[in-house]
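Grab your viewer and try each one before reading its solution.

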Amino acid sequence: MTEGSKRVLWIGHAGSHAVREEVARVFELEAAAGVAEALHFLAASRVDAVVACFPLPEWSTHEVLDEIRRMEPGLPVLVLDAGATASEAVRLARMGAWQVFGGDVAPDPLIEEIEAAAEDYRMRRNDNRAGVHDPWRRLLVGESRAMDDVCRVVRLVGPRRATVLITGETGTGKEIAARAIHMAGPRSNLPMVAVSCSALPESLLEGELFGHVRGAFTGAVANRLGRFEQAHNSTLFLDEVGEMPLELQAKLLRVLQEREFQRLGSSETVRADVRVIAATNADLAERVRQGRFREDLFYRLNVVPMRMPALRDRTRDIPLLVCHFIDKICRAEGIAPKRAGRDVLDWLSRYSWPGNVRQLENAVETAIALSGDRAVLEAGDFPLAPDRGPKPSPVRGTPMIAVPDEGLDFERTVNHIERSLLEQALRKAGGNKTAAADMLRLKRTTLAAKLRSFEDAWQGTATCAGSIVH
């Protein structure tokens with residue numbers, strides 16, 4: 001094996017010995033007879049991919065995936081199971097399996113998938129290591145695909161001066177993202193200046209942004225620098241920009257275009273070199289159509305669009321966020337470190353979190369307060385309201401399916417419905433898989449895996465998440 005060759009852990013003895021030998025010719029192959037031996041190996045050594053051959057005594061595929069994911073999140077696992085059905089493969093894909101092979105496996109497709117999985121894992125691992133050296137990366141907690149996309153945008157636009165418009169629901173961390181963009185750029189030596197456009201009435205907001213001179217209005221007893229002047233050579237964050245009054249929007253547009261303004265009560269022109277990042281939880285395009293937001297300002301702000309995902313769309317990050325907030329709050333309170341058990345983390349991951357990351361942080365703070373001297377947080381420490389998460393809406397034009405007297409083929413019917421939904425979403429998205437996945441509230445890799453599983457079903461092979469080139 002050459003230096004830098006990919007290391008693969010092979011679990012179990014099922015499957016073709018010849019296939020395993022072919023894999024060993026390409027990769028540095030480590031073998032474990034059973035799951036216990038494999039977990040012991042993973043605890044002491046690093047590998048780039050796992051091939052699990054079933055059946056494995058006393059272990060189900062779901063249990064093996066759970067244990068490997070717990071020990072090494074993100075490590076790709078390829079499942080070889082001659083008895084796997086297409087529906088079982090889909091379930092395993094949802095649990096994070098890279099690929100599921102049913103029936104006899106030929107060496108070439110398996111080697112190709114191992115190579116893709118191992119390369120993807122190495123790249124993500126390298127990206128994470130690189131992120132350690134980026135101070136801004138510590139602000140954005142998460143390893144989900146959605147947060148990877150956010151980090152990619154931050155890394156690309158941080159060094160530029162382009163205006164960024166951050167959208168997303170309340171509590172998703174838009175200001176944190178703005179601070180990350182600021183920290184990723186050359187202006188990070190100066191503090192970012194933030195102002196909420198919804199916190200002040202119009203009469204005060206203009207003075208807050210542009211400053212005023214003494215006597216400009218009743219109560220203006222001294223000159224005051226506005227936020228734009230304070231942010232000279234730095235970054236100005238305009239939160240809830242969709243709430244800005246129309247008259248003030250025109251003045252903001254001029255500042256963005258000309259990079260100059262006048263203080264209230266003064267005819268002197270002030271120039272400021274300011275990088276602007278704006279954020280809103282409103283649909284600005286809809287507000288433009290309603291005449292409540294200037295179209296020219298919308299396009300001037302929306303130079304680089306960036307959307308912060310809702311927490312329900314990045315549930316994989318919830319355990320990381322919980323641990324992050326526990327550590328942060330315990331340090332701030334000066335108390336001994338606490339932790340949450342795996343059952344509590346799983347329970348929190350199933351909650352819909354309508355208030356997003358902000359609600360989660362508040363819930364953790366409450367739990368720490370209610371846990372007293374206990375070191376382990378329990379479910380009862382989190383007094384969450386009954387979960388009223390988004391309910392699935394009926395598909396217009398599709399009647400409720402009734403079971404006929406003679407019965408029906410459940411798997412075939414479900415697969416037909418699933419395939420129909422995928423095809424509809426792809427048609428509406430013009431073939432764009434990312435847009436179609438968003439429409440169905442799926443990860444792009446999950447949608448691609450489902451499409452490939454339908455294509456490969458006749459071969460008894462279901463392709464699962466991760467084998468798509470991003």
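Throughout, buried means under 20% relative accessible area, exposed means over 50%, and partly exposed is in between (1.4 Å probe, protein chains only). The model is a predicted one, where local features need pLDDT of at least 70, side-chain atom pairs count only at pLDDT 80 or more, and totals for chains, interfaces and linings use all residues. Residues are numbered from 1 along each chain as its sequence is written, and side-chain values use heavy atoms, with hydrogens and water left out.

**Exercise 1. Salt bridges**

Work out how exposed the partners are in the salt bridges Arg374–Glu378, Glu22–Arg25 and Glu243–Arg287.

Start with the criterion: a salt bridge has a side-chain nitrogen of Lys or Arg within 4 Å of a carboxyl oxygen of Asp or Glu. Searching the whole structure turns up 27 salt bridges.

- Step 1: Arg374 and Glu378 meet at 3.8 Å, N to O. Glu378 has a relative accessible area of 44%, so call it partly exposed; Arg374, at 31%, is partly exposed.
- Step 2: Salt bridges with shared partners also tie Lys6, Glu115 and Glu119 into one network.
- Step 3: For Glu22 and Arg25 the N to O distance is 3.3 Å. The two sit three residues apart in helix H1 (residues 17-26), so about one helical turn separates them. Glu22 is partly exposed at 32%, while Arg25 is exposed at 62%.
- Step 4: Glu243 and Arg287 come to 3.2 Å, N to O. This pair links distant parts of the chain, 44 residues apart: Glu243 is in the loop between E8 and helix H10 (246-258), and Arg287 is in helix H11 (residues 284-289). Glu243 is partly exposed at 37%, but Arg287 is buried at 14%.

A note on labels: helices (H or I, at least four residues) and strands (E, at least two) are DSSP runs, numbered from the N terminus.

**Exercise 2. Ring geometry**

Classify the ring pairs Phe210–Phe228 and Tyr351–Trp353.

Rings of Phe, Tyr and Trp (its six-membered ring) pair if their centres lie within 6.5 Å; planes under 30 degrees apart are stacked, over 60 edge-to-face, and the rest tilted.

- Step 1: That rule gives six aromatic pairs.
- Step 2: Phe210 and Phe228 have ring centres 5.7 Å apart and planes at 20 degrees, so they're stacked. They lie 18 residues apart, with Phe210 in helix H8 (residues 202-210) and Phe228 in helix H9 (residues 227-230).
- Step 3: Check burial: Phe210 is buried at 3%, and Phe228 is buried at 2%.
- Step 4: For Tyr351 and Trp353 the centres are 4.8 Å apart and the planes at 75 degrees, so the pair is edge-to-face. Tyr351 is buried at 10%, as is Trp353 at 0%.
- Step 5: Ring pairs also join Phe210, Phe228 and Phe261 into a cluster.

**Exercise 3. A strand with two faces**

- Step 1: Now find the neighbour. Strands pair if DSSP finds at least two bridges between them; E7 and strand E8 (residues 234-239) run parallel and are joined by four bridges.
- Step 2: Opposite Ser196 you'll find Asp239 of E8.
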